[in-house]
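My notes follow the order in which I looked things up.

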Amino acid sequence: MHKAGFGQVGAIVGPVIALGLLLNAGAGAAPSTTFAVNGRSIFQSGKDLSGVQIVARKPPLFRSCAGCHRSNGSGGVHLPGGAVSADLRHAALVKKQKRPYTMALIERAISTGIDNEGKPLDPVMPRWRLSRSDLHAVAYYVYRELK
Ligand code: HEC
C-alpha cells in the first residue's frame, strides 16, 4: 500500500489520486488510450496487448508490420520476390493519393489485400486475420500515428 517516496502524507494522498484515476478511466479516458497503445503494439511487435501474435491467411514473412514497413512506417524494404514494402506514413497514404486512404480502406487493405484503388496488393503483403478490435486499432495507428 505505502508508496516509496510519498512519506506519511503520501500514504493518504496516493490512494486518493489512484481512486481519482480509476473514476476518470471509467468516464472514458482509458479505453481510447488502450486502443491506441494496442494499435502501436500490433504494428511494432506483431502482438496485441493481450500478448496474442497476429496471424495471416498464409504464414507471413515477418511477424510484425514494422518488420516489413520499418518502425516509422516509411517502408522501402526490398523483399524476396521483388516486392518493396509500401510507405504507410500519412503523406503517402492520404495526401499524395488521387483516392486517399480512409480508415475503412486501410482496414480493407490489411485484411483483404485490396488497395485504395481496388487493386490487389503484392502477395508478400500478408492478408491478416485480426479480430475486429485489433484490425481497428492497427488501422488507427497507421492512419493517425505514422507521420
Ligand atoms: C512480409 C512483409 C509485410 C508485412 C509483415 C506487412 N506488410 Fe504491409 N505491405 C507489404 C508490401 C510489400 C506492400 C506493398 C504491396 C504492393 O506494392 O503491391 C504492403 C502494403 C501495405 C498497405 C497498402 C499501402 C498502399 O500504398 O496501398 C498497407 C495499408 C499495409 N501494407 C499495412 C500493413 C500492416 C498494418 C501490417 C501489419 C498488420 C503490414 N502491412 C504488414 C509487406 C508487408
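**Chain.** I am working with a predicted model. I looked up the elements first: the protein chain has six helices and two strands. Read from the N terminus, I get the order α-α-β-α-α-α-β-α. I then checked burial. Of the 147 residues in the protein chain, 22% are buried. Next I took contacts between residues at least 6 apart in sequence, and 44% of these join residues at least 24 apart.

**Ligand shell.** Which residues come nearest to the ligand? I find Cys-65, Cys-68, Ala-86, Asp-122 and Met-125, out of 26 residues around the ligand. I sorted the shell by class: 20 residues are nonpolar, four are polar and two are charged. I also asked where the shell comes from. Helices α3 (65-69), α5 (103-112) and α6 (132-145) each give at least two residues. The largest share is from α3, with four residues.

**Tyr-143.** I picked this residue in helix α6. Is Tyr-143 buried or partly exposed? I count Tyr-143 as partly exposed, because 19 other C-beta atoms lie within 10 Å and buried takes 20 or more. I left aside neighbours within four places in sequence and looked for contacts of Tyr-143; Met-103 and Ile-106 came up. Last, I checked Val-94 against Tyr-143. The two are 49 residues apart in sequence, and their C-alpha atoms are 8.7 Å apart in space.

Conventions. Residues are numbered from 1 along each chain as its sequence is written. This is a predicted model: local features need pLDDT of at least 70, side-chain atom pairs count only at pLDDT 80 or more; totals for chains, interfaces and linings use all residues. A residue is near a molecule or strand if its C-beta atom, placed from the backbone, lies within 6 Å of it. Ala, Val, Leu, Ile, Met, Phe, Trp, Tyr, Cys and Pro count as nonpolar, Asp, Glu, Lys and Arg as charged, and the others, Gly among them, as polar. A residue is buried if 20 or more other C-beta atoms lie within 10 Å of its own, exposed if 12 or fewer, and partly exposed in between; C-beta atoms are placed from the backbone. Two residues are in contact if their C-beta atoms, placed from the backbone, lie within 7 Å.
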